[in-house]
Amino acid sequence: MAKILLRVNGASRTLDADPQMPLLYALRNDLDLRGPRFGCGKGQCGACSVLLDGHVVRSCSVPMAAVADRSITTLEGLGSSAKPSVVQQAFIDEQAAQCGYCANGMVVAATALLKSNPHPSEDQIRTALAGNLCRCGTHTRIVRAVQRAASQQA
Ligand code: FES
Ligand code: FES
């Protein structure tokens, strides 16, 4: 065990944790942040996606030792029900979810995409989100949501 400083959504917390424990476990179990979801646990589905220093990572596959004192943003740090981000609102407006299990990771990945490429083509959106799996086949609506967000962001 080691004391590890986490900076999550602008707040700092020091946890006593196994340095090899996946970040996802600390976010969900210790910090009660349920935006990142446990899907495969093997880095293959994207449900657990968070931003680490602005880049998408799969929190199930990132050990605590790798994130100490770095900036982590979860879905909760992007916006809230009362004040959703542009991307979150676009997902709502396009009804881009069926079961919704993939949606949190999709929103995080789409947010990172639009930050690096504010006006992506449809192909670029599909490529950026290709590693985020959706078992419900909601991809068409998800792509529309990202296009809507791109057209609405400042
Ligand atoms: S739960 Fe992390 S990639 Fe699937
Ligand atoms: S909406 Fe069900 S997994 Fe994507």
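This is a predicted model: local features need pLDDT of at least 70, side-chain atom pairs count only at pLDDT 80 or more; totals for chains, interfaces and linings use all residues.
View 1. Domain 1 covers residues 2–77, while domain 2 covers residues 86–152.

**View 2. The contact between domain 1 and domain 2.** On one side of this contact stand 16 residues of domain 1, and on the other stand 12 residues of domain 2. Between the two domains an area of about 1,100 Å² is buried, and carbon and sulfur atoms give 55% of that area. The count of salt bridges between domain 1 and domain 2 is zero.

**View 3. The largest pocket and its lining.** The largest pocket, which has a volume of about 240 Å³, is lined by 13 residues, and those that lie nearest its centre are Leu 75, Gln 88, Phe 91, Ile 92 and Val 107. Helix H3 (86–93) and helix H4 (103–116) are the elements that give two or more residues to this lining.

View 4. Among the residues that line the largest pocket, eight are nonpolar and five are polar, whereas no charged residue takes part in the lining.

Conventions
Residues are numbered from 1 along each chain as its sequence is written. Chains are lettered from A and ligands numbered from 1 in the order in which they are written. Side-chain values use heavy atoms; hydrogens and water are left out. On a 1 Å grid over the protein atoms alone, a cavity is a set of points where a 1.4 Å probe fits but cannot get out, and a pocket is an open set with protein on both sides within 12 Å along at least five of seven lines; lining residues have an atom within 4 Å of a point. Grid points are joined across faces, edges and corners, and a volume is the space filled by probe spheres set on the points. Helices (H or I, at least four residues) and strands (E, at least two) are DSSP runs, numbered from the N terminus. Ala, Val, Leu, Ile, Met, Phe, Trp, Tyr, Cys and Pro count as nonpolar, Asp, Glu, Lys and Arg as charged, and the others, Gly among them, as polar. Domain bounds come from an automatic or database domain assignment. Contact means heavy atoms within 4.5 Å. Buried area is the accessible area (1.4 Å probe) that two parts lose on being put together, summed over both. A salt bridge is a side-chain nitrogen of Lys or Arg within 4 Å of a carboxyl oxygen of Asp or Glu.
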